[in-house]
Amino acid sequence: MDSDVVRRLADIARRAPSADNTQPWRMEWDGEHLAIYYDTARVAGKTFPADSPGTLLSMGALIESLLAVADSWALRPELELAQRPGAAAAAPFARIAFTAPADPEAITDTHPVTLRHTNRGGYTRQLLPQALVAELTGSRQGAARSWFSQEPAARARAADLVKSASRIRFRTREIHQWLSASLRFTPAAVAAGDGLDVDTLALPPGGRAMLHLISDWRRLRYLNQLGMHHLLAAIDSAPVRAGPGLLAVIAPAEPQHSIDAGRLLARQWHALNQHGLAVHPYYVVADQLARLRSGSIPPGLEPTARDVAAASKDVFGLAGAETLHMLLRVGYSRKPAKSALRLPLERVYRDTTRS
Ligand SMILES: Cc1cc2nc3c(=O)[nH]c(=O)nc-3n(C[C@H](O)[C@H](O)[C@H](O)COP(=O)(O)O)c2cc1C
């Protein structure tokens, strides 16, 4: 297999989405397999741990992007997923083998995965076409499935969930410190290629200064005593209420199913952006559910988290071991989004046949 083809593949797929654009992955090509690792040295302690659903979703999205592009290049990718991806941080989450392309002409750098992006701005009220709704509603990947609604009542209930989960989120030191560390306010900081470029957040006038103000945890903790978390949660959840579409990715709470959820998330996101629709993910509810399972909700806030868990079962019709993995606002955007940069390829990809 031509190493240059794999390098081009990795170069496109690394545009996959990740929490706070942390790009927690490291890809390694050994001439036979492309292995995907958690980059402990670069991201541990700064974002979700290797075995948490937040990381597994990002890894699943990277895997889906690699497979989709490799398929379109007729590389016949064969995926080998770890039994418990993320359980051993030094072990690969997955390895992918390829067949050499029969037709090198089929290899082009234009693929729907290159169109995928987040748009956090305002959306119009225009509803999605029925054919697309049917596609979104019935999709599956392994045990992961999707839920879609444009019903105002369902949106209102989902927005209430986001509001409650956000109230916990803004009182959780770890989440807040990860977010603060990922914010990129200056052109030089943005140019490094990771984290959240503040210009991609579609902030209202004064939003930048407000974000600066609250990015210090001690200040936010003080302001929360005056009810700041209520205000922030109301701002956070308002766009969910407005919709017009809400997509949820649901899967049982097991690592391999979270990878499948990440794959389904990416596949639907690719399709939506390809159809000209805008997508804005909200991880806050899924995150509080995962924190409730792992016992890491701050003391005193567990009852709120348990209420969120009970209500989410009802809103999304969760059965058995299923949990919400991601909620996305979907619609036609009023303005194009500014695109988020990525780390240089060399930071996330290594060809060991050349070292
Ligand atoms: C697991 C995960 C969680 C995310 N959570 C949020 C979120 O809560 N809010 C948000 O605005 N974007 C969220 N995102 C989107 C990322 O911030 C975004 O993909 C990343 O910054 C790269 O930007 P791009 O999607 O435009 O390429 C999430 C993405 C992933 C994969």
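## A walk through the predicted model

Residues are numbered from 1 along each chain as its sequence is written. The model is a predicted one, in which local features need pLDDT of at least 70 and side-chain atom pairs count only at pLDDT 80 or more, while totals for chains, interfaces and linings use all residues.

Is Ala278 buried or exposed? Ala278 counts as buried because 25 C-beta neighbours lie inside 10 Å. The rule is that a residue is buried if 20 or more other C-beta atoms lie within 10 Å of its own, exposed if 12 or fewer, and partly exposed in between, with C-beta atoms placed from the backbone. Leaving aside neighbours within four places in sequence, Ala278 is in contact with Asn119, Tyr123, Gly331, Tyr332 and Ser333; contact means that the C-beta atoms of two residues, placed from the backbone, lie within 7 Å. Gly331 is 53 residues away from Ala278 along the chain, yet their C-alpha atoms are separated by 5.4 Å.

Now step back to the sheet around this residue. Strand β10 belongs to an open sheet of five strands in the order β5-β6-β9-β11-β10, with antiparallel pairing; two strands pair if DSSP finds at least two bridges between them. At the edges stand β5 (140-141) and β10 (278-282), each with a single partner strand, so one side of each has no neighbour in the sheet. Helix α11 (residues 255-274) packs on this sheet and touches β5, β6 (144-149), β9, β10 and β11, its direction making about 155 degrees with that of β9. For such angles, axes are lines fitted to C-alpha atoms, for helices over the stretch in contact, and the angles run from 0 to 180 degrees between N-to-C directions.

A second sheet can be found from another residue, Met27, in strand β1 (residues 25-29). Met27 is buried, with 24 other C-beta atoms within 10 Å. Not counting residues up to four places away in sequence, Met27 touches Ala10, Leu34, Ile36, Val348 and Tyr349. The C-alpha atoms of Met27 and Arg7, 20 residues apart along the chain, are separated by 9.8 Å.

This open sheet has five strands in the order β3-β4-β2-β1-β12, and its pairing is mixed. Its edge strands, β3 (78-81) and β12 (349-351), each pair on one side only. From one strand to the next, the twist averages 20 degrees. Strand β1 and strand β2 (residues 33-38) run antiparallel and are joined by five bridges, with Ile36 in β2 as the bridge partner of Met27. Helix α3 packs on the sheet and touches β1, β2, β3 and β4 (94-97), its direction making about 160 degrees with that of β2. Helix α1 (residues 3-13) lies across β1, β2 and β12, running at about 175 degrees to β12.

Next comes the ligand. Of the 19 residues around the ligand, Pro17, Asn21, Thr118, Tyr283 and Ala340 come nearest; a residue is near a molecule or strand if its C-beta atom, placed from the backbone, lies within 6 Å of it. The elements that give two or more residues to this shell are α3 (53-72) and β10. Helix α3 gives the most, with four residues. By type, the shell divides into 10 nonpolar, seven polar and two charged residues; Ala, Val, Leu, Ile, Met, Phe, Trp, Tyr, Cys and Pro count as nonpolar, Asp, Glu, Lys and Arg as charged, and the others, Gly among them, as polar.

Finally, look at the whole chain. The protein chain holds 14 helices and 12 strands, and 43% of its 355 residues are buried. Its C-alpha atoms fill a box of roughly 60 × 45 × 40 Å, taken along the principal axes. Among contacts between residues at least 6 apart in sequence, 79% join residues at least 24 apart.
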